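Subject: Handover of a structure and its description

Dear colleague,

Please find below the structure that I am handing over to you. I would be grateful if you kept it open while reading the notes.

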Amino acid sequence: MSFILNKQEFINLQDTKKLSMTEMANLIGVSRSQLWRILRGSCNPGEQFLAGFKKAFPKENFDNFFLIDMVQQSDTKNKSKTQAS
């Protein structure tokens with residue numbers, strides 16, 4: 001199981017709060033480059049990002065910003081076989 005950031009909701013929050021990428025990253029407790037990678041979809045938010053977001057924005061509904069991605073065991077095996085080819 002992993003989390004995926006709802007980018008549109010995140011950007012709306014950033015705009016509403018009038019925060020730069022650097023300010024947003026600092027509030028959450030991650031580097032600006034880490035935030036950029038998550039927004040770009042290069043990586044999923046980790047525990048530090050999730051905890052930092054919840055601490056920085058305690059009144060925001062967590063479910064609006066993060067989606068759960070369930071990976072089934074068979075999906076993992078298929079990906080491994082494809083990558084090995």
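Predicted model: local features only at pLDDT ≥ 70, side-chain atom pairs only at ≥ 80, totals over all residues.

Residues are numbered from 1 along each chain as its sequence is written, and side-chain values use heavy atoms, with hydrogens and water left out.

The protein chain has six helices and two strands; helices (H or I, at least four residues) and strands (E, at least two) are DSSP runs, numbered from the N terminus. Along the sequence, their order is β-α-α-α-α-α-β-α. The protein chain has 85 residues, of which 26% count as buried; buried means under 20% relative accessible area, exposed over 50%, and partly exposed in between, with a 1.4 Å probe and protein chains only. Among contacts (heavy atoms within 4.5 Å) between residues at least 6 apart in sequence, 60% join residues at least 24 apart.

The largest nonpolar core holds 18 residues. Such a core is a set of buried Ala, Val, Leu, Ile, Met, Phe, Trp, Tyr and Cys residues joined through side-chain atoms within 4.5 Å. Phe 10, Met 24, Ile 28, Leu 35, Phe 49, Phe 53 and Phe 66 touch the most other members. Two or more residues come from each of strand 1 (2–5), helix 1 (7–17), helix 2, helix 3 and helix 4 (47–56). Leaving aside neighbours within four places in sequence, the contacts of Phe 10 include Met 24, Ile 28 and Leu 35.

Helix 2 (residues 21–28) and helix 3 have axes that come within 8 Å and cross at roughly 100°; axes are lines fitted to C-alpha atoms, for helices over the stretch in contact, and angles run from 0 to 180 degrees between N-to-C directions. The two helices are therefore roughly perpendicular to each other, a term for angles of 65 to 115 degrees. Helix 2 contributes Met 21, Thr 22, Met 24 and Ala 25 to the contact, and helix 3 contributes Arg 32, Leu 35, Trp 36 and Leu 39.

Two residues of this contact may be followed further. Trp 36 lies in helix 3 (residues 32–40) and is partly exposed because its relative accessibility is 43%. Thr 22, in helix 2, is also partly exposed, at 37%. Trp 36 and Thr 22 are 14 residues apart in sequence and 9.7 Å apart in space, C-alpha to C-alpha.

Yours sincerely

Conventions. Parallel < 35°, antiparallel > 145°, perpendicular 65-115°, else oblique.
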